[in-house]
Amino acid sequence: MLAVEAAAPQYTRLKELVESVEAFKLIVAYLGTVDPHTQVSSFFDLACGHGLVGVMLAYAYPDRRVMACDRQRRPSFDEFVKAFGAFAAAEA
């Protein structure tokens, strides 16, 4: 998250970061309870706002489809995608 903050500090408000991380953790915890025979292949983040939850899901589950939808595409979404894309490239 520090790299995201360094890349675009105007988009990283503490409240939004904490809420996004908590939502992400709840989704990951839920996935741990799903029947192994049930495959969760897609995530839909409706009214995603800045889109951080969807970006984190796409990073954590690159083999799954993530749709982040809102009325307008915010510049913060593009910054988060770039930052997490750099993380993924560094890990490859």
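Predicted model: local features only at pLDDT ≥ 70, side-chain atom pairs only at ≥ 80, totals over all residues.
**Helix 2**

Helix 2 spans residues 14–31, 18 residues in total. From first C-alpha to last it reaches 26 Å, close to the 26 Å expected at 1.5 Å a residue. L17, S20, F24 and L31 are its buried residues. Viewed down the helix axis, the buried residues fall within an arc of 70°, so they line one face of helix 2. An α-helix has 3.6 residues a turn, so residues three or four places apart point the same way. L14, K15, L26 and Y30 are exposed on the other side of helix 2. The cover over the buried residues includes strand 1 (42–46) and helix 3 (52–60).

**H50**

H50 sits in the loop between strand 1 and helix 3. Its relative accessibility is 12%, so H50 counts as buried. A polar atom of the H50 side chain lies 3.1 Å from the backbone nitrogen of L52. Leaving aside residues up to four places away in sequence, H50 touches E16, S20, R74, S76, F77 and F80.

**Cysteines**

A search of the whole structure finds 0 disulfides. A disulfide would need the sulfur atoms within 2.5 Å.

| Cysteine | Relative accessibility | Class |
|---|---|---|
| C48 | 13% | buried |
| C69 | 31% | partly exposed |

Methods
Residues numbered from 1 in each chain as written. Heavy atoms only, no water. Helix = DSSP H or I, 4+ residues; strand = E, 2+ residues; numbered from the N terminus. Expected span 1.5 Å × (residues − 1). Buried < 20%, exposed > 50% of the residue type's maximum accessible area, 1.4 Å probe, protein only. Arc of directions from axis to C-beta. Contact = heavy atoms within 4.5 Å. Polar contact = N/O pair within 3.5 Å; in protein donor to acceptor, adjacent residues only side chain to side chain.
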